[in-house]
Amino acid sequence: MTGLGMLMVGDWLASLLEMEADDIVVIGLRALLIVAIGAIVGRVLTSTVGRVLERRATGQQEMIARRVVFYGVLVTTLMTLLDTFGVEVGVLLGAAGILTVAVGFASQTSASNLISGLFLLGEQPFVVGDVIKIGSYTGEVLAVDMLSVKLRTFDNLYLRVPNETLIKSEILNMTRNPIRRISIDLRISYDEDLERVRAILRDIVDRDPDLLEEPAPGVWVDSLGDSAIHISFVTWASNRGGWYDVRSRVMEAVAREFRGQKVALGFQRVEIEGGSSETEAAAASEAAPVVAAIKP
Amino acid sequence: MTDWWGDFEFAEGASRRWRIGPLTLWVTRLAKEWQVAFERAGELDSTVEVTDSSPAPAGLERSRYLFVQGTTLSVSARVADRPVVARPEMPVIVPGGLSATLYVSTPVWVALSAGEPRQRFHELPSWVPSSTWFGENNIEGALYYAERTRARHERGSEVFRTRVTTSVTVNNVERTPLQIERIALPLPSMSVFRDEQGGLWTEHAVVDYVANQDAPVKVERAPLAEIGKTTPVSPARLARDTNVVTRALSAALREVMP
């Protein structure tokens with residue numbers, strides 16, 4: 001097959017070289033013109049498509065439309081260019097089909113990424129603009145390309161993730177759903193009145209307009225620890241920008257209110273007991289220098 | 001009674017202070033510039049005052065808007081920018097075959113415009129209501145404002161000039177009693193009117209409840225006739241072609257189990 005290809009290229013070069021110098025100049029000028037027209041048309045069309053879809057479509061749809069137009073113009077320009085040079089596009093495509101198999105074996109990773117990219121575009125676990133978590137990385141999706149997905153992490157770093165990796169790994173989409181829960185774990189002393197704590201937390205939700213009335217906030221006892229009652233305070237906020245600010249504000253309010261209203265928090269308490277007589281003390285110091293009892 | 005909305009002339013360097021219920025608003029006109037500052041306190045305050053004043057206290061954050069022209073400030077009263085879910089403080093039950101008219105009041109939004117042609121440069125609520133989620137589940141739905149309402153069934157003597165009142169008639173077409181848990185009002189599709197006492201109203205809304213069907217809110221063309229003569233104050237935020245807003249209320253109305 002390769003021999004046939006070489007033979008075809010050789011014939012074509014020979015026919016090109018047999019031409020008059022003037023003809024070659026004409027072909028060269030024509031090729032330059034085609035490239036220039038292709039570049040202008042490509043730029044105008046992609047920017048027009050971008051402008052038209054800017055307000056009517058999502059960032060993802062706009063990106064795909066721009067890509068389709070760009071690659072469409074690129075392929076048309078290349079085919080016209082080859083036609084100008086006298087290359088028979090039909091024959092070339094036939095040869096390319098066979099060549100693809102050979103190239104495919106040589107570039108398995110790229111092909112896998114390419115196909116994974118198509119699946120990602122079809123399945124849409126995320127779109128441009130979403131914030132996703134892959135492994136230990138969290139970032140905003142900048143582009144879903146043929147071979148990889150580009151992310152911008154929260155500390156403004158540029159991250160490229162191959163599509164194949166994405167298909168294989170768990171992806172957490174942080175912004176797809178419109179509302180998100182804020183969960184705060186608290187440890188309250190056994191001496192504290194839980195109803196009072198509930199009222200304080202409910203009041204925090206009522207006073208902050210960004211905390212949702214529904215789904216209703218909740219306070220649950222998670223477990224009875226050695227030295228504290230472990231409770232979960234959950235409340236909801238919009239997931240369309242500002243969620244982290246709201247969460248931080250709620251935590252700050254909880255800390256402020258607990259301090260202001262002197263809510264007894266649970267913490268590890270150690271009671272040191274000394275022996276009542278010298279003998280007991282001696283016996284205790286032999287076993288353990290200090291007897292520590294965790295008082296509930 | 002003077003209204004707090006309308007056109008106000010400002011000499012260069014002049015300041016005015018508005019008390020619109022919980023909101024205190026300062027506006028100052030400087031050469032080619034408007035400055036706005038505000039603070040809020042006391043949700044149910046109903047004081048209304050417009051006075052010439054000194055500029056806003058130094059500690060408040062000011063917004064500066066640069067304009068080439070305009071000595072007139074237009075202040076307008078608008079409805080909330082999102083729909084509102086009103087939840088009665090106590091359960092309200094409408095017996096089968098009967099109708100009930102309830103009154104729900106929501107904070108007014110204050111919009112400031114100036115220049116030729118008029119350009120709206122600042123808008124703020126007199127009180128920021130809590131947000132809430134209204135939908136079938138935690139994925140499908142939309143963010144609304146939440147209002148707890150006493151769901152009065154009489155107009156009462158209170159004149160709300162700092163809140164906008166919406167009257168809603170619920171017709172229970174079924175024979176079984178209906179418990180109203182929540183009423184969702186499409187406020188952005190409603191306009192603001194002024195009654196003769198200076199109170200603010202929206203158009204009257206009607207909900208026909210039929211079991212196992214969506215119960216859309218129908219927004220009438222004008223406020224409830226019982227209110228008396230009304231004059232328009234500001235148009236709806238969203239244009240509507242028909243008087244039916246197709247937002248289903250099936251989730252808001254629940255038939256009381258016998």
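Does A:Gln124 count as buried, exposed or partly exposed, and with how many C-beta neighbours inside 10 Å?

1. **Basis.** This is a predicted model, in which local features need pLDDT of at least 70, side-chain atom pairs count only at pLDDT 80 or more, and totals for chains, interfaces and linings use all residues. Residues are numbered from 1 along each chain as its sequence is written, while chains are lettered from A and ligands numbered from 1 in the order in which they are written.

2. **Positive phi.** A:Gln124 counts as partly exposed, with 13 C-beta neighbours inside 10 Å. (Buried means 20 or more other C-beta atoms within 10 Å, exposed 12 or fewer, partly exposed in between; C-beta atoms are placed from the backbone.) A:Gln124 is not a glycine, yet its phi is positive, about 50 degrees. A:Lys262 also has a positive phi of about 50 degrees. A:Lys262 is exposed, with 8 other C-beta atoms within 10 Å.

3. **Cis peptides.** A:Glu214 and A:Pro215 are joined by a cis peptide bond, with omega about -5 degrees. Another joins B:Glu116 and B:Pro117, with omega about -10 degrees. B:Pro117 sits in the loop between β11 and β12 of chain B. (Strands are DSSP E runs of at least two residues, helices H or I runs of at least four, numbered from the N terminus.)

4. **Sheet.** Chain B has an open sheet of four strands, ordered β1-β7-β11-β12, with antiparallel pairing. (Strands pair if DSSP finds at least two bridges between them.) Six bridges join β11(B) to β12(B). B:Ser113 stands opposite B:Arg120.

5. **Interface.** Ten residues of chain B contact ten of chain A. (Contact means C-beta atoms, placed from the backbone, within 7 Å.) β13(B) gives the most to chain B's side, with four residues.

Technical notes. Contact = placed C-beta atoms within 7 Å.
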